[in-house]
Amino acid sequence: MAIRTSTQQESPIWQRVTRQRWILPLISLVLFLGIWQALYLLLHLPTFILPSPAIVWAKFLQVLTNGIWWHNTSYTLLELSLGLFFGAVTASILGYILSKTPTLEKLLSPFLVGSQSVPVVAIAPLIIIWFGPGLFSKVLICALTVFFPVLVNVLVGMRQVSQDLRELMDSFKASKWQILRHLEIPASLPVLLGGLRVGATLSIIGAIVGELVGSDRGLGYLINLGRGQYDTALVFVAVFSLIFLAASLYSIVLFLERRALKWQTWQEI
Amino acid sequence: MNSYPENSLVVQDLKVSFQETDGLLQVLDNVCFSLQKNEFACLIGPSGSGKSTLLRALAGLIPYESGSIEFPEVHGRKPRTGLVFQKANLMPWRTLEENIALPLQLAHTPQAEINKKVKEMVELTGLQGFEKSWPHELSGGMAQRVAIARSLVQDPDILFLDEPFGSLDELTRERMSEELLRIWNEKRKTILMVTHSIPEAVFLADRVLVLAGFPQGIVLDLPIDLPRPRDDELRYTPQFAQAAATLHEHLKL
């Protein structure tokens with residue numbers, strides 16, 4: 001009989017290092033900064049075309065200390081949070097109602113299909129024209145971008161609720177509210193959160209487009225401002241802030257998803 | 001009508017039909033039978049004879065057209081019923097114990113009482129140590145145990161089982177049959193179980209009802225006078241074979 005003894009061996013240093021999850025992204029980041037700095041030094045480009053990492057960093061510290069950064073970032077953050085919240089909530093409620101009234105769903109289906117193919121950002125200028133450059137129009141754009149992916153996913157999720165489990169709930173004489181709370185919400189949550197993840201990423205684009213079209217505050221406004229003043233370092237600061245914001249938002253939704261769906265850890269989300 | 005004090009279920013001239021798109025589909029007619037208190041009855045019949053439909057009508061999941069289904073009162077109250085499906089039907093987002101607790105939660109039972117009853121059911125069905133497991137981690141047999149525990153947790157007076165072991169392999173199936181007998185012995189309920197296995201029916205039941213397709217109703221009501229407690233040995237006795245043969249004869253119609 002063959003007996004397998006421990007095959008555990010000292011792994012090479014390289015393997016042990018790369019096993020750390022954060023190490024490879026860090027390396028690529030450092031490489032990126034290195035290439036950027038090298039390009040800056042080699043090409044002798046003027047600062048308004050390509051500022052060096054150090055200049056961008058200095059700019060960041062400057063707008064951070066004089067409050068300009070937070071003044072604008074917080075505004076974009078506010079638009080996003082309000083837009084995401086209202087968009088997701090109304091989409092969930094409407095999705096539930098539609099799934100319970102098939103006639104209404106069929107009636108609205110051309111719009112649902114259409115909404116999947118037309119990016120909401122395309123009508124962002126229209127919304128600015130109608131509702132002015134204030135906070136409301138940006139929140140509306142964010143809400144609309146997140147609205148349709150969530151709505152469609154709620155419909156899909158509700159359709160996926162197992163008929164057998166519905167019958168089980170019936171056998172316990174569960175009320176409509178109990179069926180919603182104990183069956184329909186948990187059963188459709190995975191699909192709903194998937195829609196929210198897509199919607200959250202899209203809504204950032206919506207917010208920025210809205211701010212670029214017309215605004216006096218926010219990261220999109222900061223980009224416009226930097227461009228107008230040939231302050232390219234400021235544009236870079238705004239763009240990196242946006243990337244950071246988008247990544248954070250995505251991570252938050254992913255975290256929520258993992259928390260809510262811990263029962264299906266066996267399945268890669 | 002309380003003229004059958006010993007009965008826990010009386011069914012008379014039950015007729016069930018479904019409204020299909022192309023007309024009325026008649027499934028059951030002339031179904032008459034009664035179950036005595038604490039009796040273990042099996043319902044057997046060829047596929048398509050409406051066994052599951054009958055059980056669903058009894059459990060109140062589907063309406064019936066005419067006839068009557070009566071549950072005489074127990075201790076001055078309406079009897080409670082429980083239903084176990086062919087599939088375990090567990091909620092994948094609930095742990096084993098949360099799945100068992102579901103009917104109690106729906107009935108707004110206080111949490112302390114839920115904990116106590118769930119613990120009791122876990123012990124009764126031999127699921128100790130798996131309380132926090134997720135359904136996808138359970139084998140088919142264990143999942144079906146959870147389903148049984150869930151149906152028993154409300155302490156029903158009558159338990160309807162719809163081919164509860166139909167999806168299990170032969171060995172697990174026999175083990176589960178014995179477990180079910182043990183639980184029935186301990187808890188004393190009226191049980192009506194749909195099965196398509198003749199040996200299973202003979203092994204478990206006090207009585208086997210044979211349901212023939214529309215419009216015949218129950219065509220045979222066969223008492224199984226085998227001694228209890230029953231164990232594996234019984235499966236090889238002449239009496240067992242005799243009962244199985246009789247049922248087989250009536251199923252071939």
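His108(B) sits in the loop that joins α2 and α3 of chain B, in what is a predicted model. Although His108(B) is not a glycine, its phi is positive, at about 55°. The points below take up this residue and its surroundings, and then turn to other parts of the two chains.

**Backbone features of chain B**
- His108(B) counts as exposed because 7 other C-beta atoms lie within 10 Å.
- Arg188(B), found in the loop between α5 (170–187) and β7 (190–194) of chain B, likewise is not a glycine and has a positive phi of about 50°.
- Arg188(B) also counts as exposed, because 12 other C-beta atoms lie within 10 Å.
- The peptide bond leading from Arg228(B) to Pro229(B) is cis, with omega near -5°, and Pro229(B) belongs to the loop between β9 (217–223) and α7 (238–251) of chain B.
- Most residues other than glycine have a negative phi, and most peptide bonds are trans.

**Helix α2 of chain B**
- Helix α2(B), residues 96–106, is mostly covered, since eight of its eleven residues are buried.
- Among these buried residues are Leu96(B), Glu97(B), Asn99(B) and Ile100(B), and the buried residues of α2(B) pack against α3 (111–124) and α4 (140–152) of chain B.

**Helix packing in chain A**
- Helix α4(A), residues 68–100, and helix α7(A), residues 135–159, have axes that come within 6 Å and cross at roughly 35°, and the crossing is right-handed.
- The residues of this contact between α4(A) and α7(A) comprise 21 nonpolar, six polar and three charged.

**Contact between the chains**
- In chain B, 13 residues are in contact with 13 residues of chain A, and the side of chain B that touches chain A divides into ten nonpolar residues, two polar and one charged.

Terms used. Residues numbered from 1 in each chain as written. Chains lettered and ligands numbered in written order. Predicted model: local features only at pLDDT ≥ 70, side-chain atom pairs only at ≥ 80, totals over all residues. Axes fitted to C-alpha atoms, helices over the stretch in contact; angles between N-to-C directions. Helix = DSSP H or I, 4+ residues; strand = E, 2+ residues; numbered from the N terminus. Left-handed = near helix turned anticlockwise from the far one by under 90°. Nonpolar A, V, L, I, M, F, W, Y, C, P; charged D, E, K, R; others polar. Buried ≥ 20, exposed ≤ 12 C-beta atoms within 10 Å, placed from the backbone. Contact = placed C-beta atoms within 7 Å.
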